[in-house]
Amino acid sequence: MADEKKIGVYLCSGCGIGDAINVSATETAATKQKASFCKSHSALCSEEGVNLIKGDIASGETNSVVIGACSGRVMTDKFQFDGTNVVRSNLREQVVWSHPAGDEDTQMMADDNVRMGVTQARLGNLPTALAEGEFSDTLLIVGGGYVGMTAALEAAKSGHQAILVERSDSLGGMIKDWTRVNPDDAPYREPQDNPVPGLIETVKNNAKITIMTNTTVAKTDGMPGRFVVELAKGGTSSVETVGAIIVATGWRPYDANKLGHLGYGVSPDVVTNVELEAMFAAGPVKRKSNGSAPKQVAFVQCAGSRDPAHLPYCSSVCCSQSIKNALRLIEADPDVMCTIIFDELRTPGTAEEFYRSAQEKGVVFVKGKVATVDGNLTVTYHDDLLGDDIPMAGLDMVVLATGMVPNSTNTEGAAIELNPEQAVYSHDDINPAAPIQVAGYKDGVVAPAVQVRTQNEVPDGAPILNLQYRQGPHIPILADGFSDSHYICFPYETRRTGIYTCGPVRRPMDMGEAGLDAAGAVLKGIQAIHNVRHGRSLHPRVGDLSYPKFGLSQCTKCRRCTVECPFGAIDEQADGYPTLNASRCRRCGTCMGACPVRTISFDNYSVDMINQMAASCEIPDEFSGKARILILACENDAYPALDMSGINRHTYSAFVRIIPVRCLGSVSLLNVSEALSKGYDGVVLMGCKSGDDYQCHFVKGSALAKERMGKVSETLKSMMLEPERVQSMEIAISDSARVGKIIDDFAANIVKIGLNPFKGF
Amino acid sequence: MNAISPNPTQKYDLSFARWVRDNIDGGERMNMCMQCGVCSGSCPLSDQMDLGPRKIFQMVRAGMKEAVLKSNSFYQCVSCYNCVVRCPRQVPVKYILHGLGRLAVQEGYQPKSNVENARFADAFWWSVTTFGKTDERLVTAKYYFSGGLMNGIKLGLGNLKTALGMIKTKRMHLGAPHKAKNRGELKAILAKAVEIQARHEGEA
Amino acid sequence: MGKKFTFYPGCSSQGSGQHLDTSTRAVMAKLGYELEDIADWNCCGASVGELAAGHLPTAALSARNLAQAKEQGDQDVMTACAACYLNTHAVNEEIRDNEQTKNDLNEALGAAGKSYDGSLHVRHACEVLVNDVGMDAIKGAVSNSLSGLKVAGYVGCQTVRPFAGTERGGSYDEYDQPHFLDDFINATGAEAIDFENRTSCCGGSVSVMKPDQTLHLMHKILSEAQAKGADMIATPCPLCQTNVEMYQDKINKKYGTSFNIPVVFHTQLLAVAFGLDATKDAALNQNIIPADKLKAKAK
């Protein structure tokens, strides 16, 4: 901004603010902080209040606005003035609603919050977008099964061109030839016809969908809005530019050859659920041993699932599938006796109706764990409800319900050798040492032994997209092979922006869920296409125009930013300097927190800004007895939890000064050491949970912050300070009731340790 | 042994669950059992049952025919219907227990002489078919002596005071038993019903 | 007011439950209802019939009663005995809802030239008191308040289970803590104690065969009634009345207690409260343990 900055501060005295603090004293604090002026209003969010600000902007009195009122998380539409940078100072939720009215410390807190706001306004500018070049509206869909076809159709219905790539010679995928599938329509009680054959025709007849069979993705470069994709078919290849990519590569059955203890390979009449589907497709089911019709059939659930020696997880569909196949056998011949031996029958949602339907039709359900199936088809299981081992003899067929393995790579293609730095990105690297729990057992319950994680294992087979990213060709996956995504908030997201997984490659699911998944992923792809062309960020900072800028003159080519970016947004140029692929970036600032020389910053966010904001608070001298604790709170969970704490009128120490950060990943160690050297008595990093069940909205930010804080003790030691003065805390959005207590405990401990001797230096 | 259910000699009989479903009154809902145990928990006599309804249902599924039919549980049932009204899956527990209990006696898993209920039921049925009505005095006496003469005298003397009280208040009468008038008609109906029931059992 | 019912007295009406029969007839007459007995009724099969003969022959007993009732008219069938109600109602519903049973039973009835289509409605006398008569009318008929009496309302099992909560069963109360009996007691001016064991089983259907295995059930019921200061227990079930009354000696011997608690029918209370005759209508002379406090209230 070429014009001189004229910072206008507007204080609101509504919502109890004016009753709890002396607003005119806060006005004085603002003007002393060198704001151009400070005004107050009894209801700033009213039309009159908003017009007051609009008038000042129009008359040129201010071009940078600080609003001292409610939390920046609310009234965002009211306090948005096009072309003007707006900073929000939280006086309501985090000051007057969470601290005693009329108290000296409450007043000091309010004053400091406004001072920090003025500093933030001085150092921050309205961001300008980076959106150059051409963009494509086309979606690339990888995988021509039910999910991929559904995705292509959804894309076409939304007016987008879709390229549907299938590695085999025909559409249809895994279940193309299955005759009946689990019910997806009310009343959910009977097996249903397979919709796939009909879907294939619909997709073929849709002019917006380009079908490419016998095709794989040889290379993917570029970024959301303009991925450059090389498609290989036979010996030839073609290049397409697409706006977003949907990966629907589906699943394959777990290898039953590893299930010899369950009789597979021992008797021909022990078959898998997938083999049974083929037997149904071939006509009336016959025993493989002698061609006779089976009369006594047992279905063994969790065959190689939820088993530390095999798949540690539940595939969620096998129970319903066995129910379906038992019903089909009974339907074909009412004399067939079907027993389903389950450990825990998992028929979620409407599948419960299917389960009851099978019970009514005479399918026998037995709760037990199958230990062995021998060559005579005697199934020995431990019946938990009888507390006894039961040999079930006289069977003439045993069906093993094997689980789903995600096609996160193309097992038919050749693996690509990765450099060691890339290998870590093909696999979940959050905590490679943590063992994998077998699904479904809580603490205190005797669970099967945990599965040891193979550290940094590279999946077999070729990468699905062969990403030409500095961080490697694979879409990052979790330890169990499914693609990494924020399961709670952003299910379709992968750790590669603009690339969305759906269906069983993402997590085990049935057709009904997978169809919805396909539609959801396509909508995310369309959002990406429409946002990135305007330089707008995707989730969770949706619409953010700011992006990291590199001060290359100071860059030491240390590569930490390229290594630590959770989304592979930053590549290295040939000369070793980082280069940003802007639309891959999610604006978390993890690169900024990683940079040891503070040369990465955003127009409205920087390491220096955080330092200066912290420094603009008044630090009382050591004789006052008033500690000061800097809280750097993640804007995604911790900051809203603190707001909600205030909304619920929970109180906490008034010694804290809270600065919202984009992600704990954006916090530099320098922010911590600087605060301590300025006289803060303690520093708290409040962010999301890290680990396998991470809550971090930027996947790795909180884990990286934890790792960096592991090194802070050395810094503290060199400053002759106690390590307890710095702490990172995991606060979820649901922690509003207890966050106050956590803060108070920390504050009490700081007082116990004694105030920071650096005060006044 | 009146082998109306399949493979009576097999310890684990896979088809037993299906047979119970198709042949025991209420058995078609036994499949709905989800093993919650509300039936056994609600049963006032469960402490005197060796298995209890929940376990019996699971053993039927496991095909443990012999162990099920040798259970004493059926004959402890007091027909309080707690299990019936409380079952979250609407399994008519009491009816299934009574059906299994009758089967166990019929097939010889339970010697009738050991099953008081079966002997009492026989005495009761004798009175019903003979007089059309239950004569409490005669049914009780017949039951007492169904376990042998000495046993009958012992039981009879043990309840003498009770019986005297009943007689004194004219609630037990000493003359000829009350009878339905058209007993021939009733006998014809019952004989036909027995015949139809046997026919259905033959079909199964 | 008033209405006619076809009445099924049941075997106990001629034996251990005569005083229920007498007092029910007296109370219903006082309330203006006409009861016409099933002309040549037979036993319902009670709880043990099925064990001896199986389901169908047992059901045939009720089918014959119902066929006769139908011959006597379309009015509802009423019975005061819990087991009679349970069996007759159940068979009636089965004939109504289950084509196979309907055919089987009609085939059996056909052996005597009879038939039945399931079109009647079988009702328990307590349900009729709640739904047809109504608590206001009952209170209105009370001319001789029983105030001062503390009564434990003991419902037992089969009066409410398994039909009291069903639509065809009249939906008149719940299964675990029904209140209709307390309402009757309170209507008479007596005080119904808060009786937690009101639907605990007394073991009646097994007591004849093996009383030693059910004494603990009756002990529990009597103990609570005594601990809560009940002057007597009131019940609508003939088997419960006899059972809880006549085994008190045995219980006293086994548990070292000294129970001597009168057990009366709710209709005996109502008869006295309606100002009817203590012997002719309330049949108080037929309780083995005399309900002296109730007798003292009688006019």
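These entries record what I looked up about the contacts between chains in this predicted model.

**Entry 1: which chains touch.** I began with the pairs of chains in contact, of which there are 2. Chains B and C share the most contacts. I then looked up chains A and C, which do not touch. The nearest C-alpha atoms of chain A and chain C lie 17 Å apart.

**Entry 2: the side of chain B that touches chain C.** I noted that 51 residues of chain B are in contact with 51 residues of chain C. On the chain B side, at least two residues each come from helix 5 (82–86), helix 6 (93–106), helix 7 (116–131), helix 8 (136–146), helix 10 (160–168) and helix 11. Helix 11 of chain B gives the most, with 11 residues. By class, I found this side of chain B to hold 24 nonpolar, 15 polar and 12 charged residues.

**Entry 3: helix 11 of chain B against helix 3 of chain C.** I next looked up how helix 11 (residues 183–203) of chain B packs with helix 3 (residues 55–71) of chain C. The angle is about 145°, and the axes are 8 Å apart. I recorded the crossing of these two helices as right-handed.

From helix 11 of chain B, the contact is made by B:L186, B:I189, B:L190, B:A193, B:V194, B:I196 and B:Q197.

Key:
Residues numbered from 1 in each chain as written. Chains lettered and ligands numbered in written order. Predicted model: local features only at pLDDT ≥ 70, side-chain atom pairs only at ≥ 80, totals over all residues. Contact = placed C-beta atoms within 7 Å. Axes fitted to C-alpha atoms, helices over the stretch in contact; angles between N-to-C directions. Helix = DSSP H or I, 4+ residues; strand = E, 2+ residues; numbered from the N terminus. Left-handed = near helix turned anticlockwise from the far one by under 90°. Nonpolar A, V, L, I, M, F, W, Y, C, P; charged D, E, K, R; others polar.
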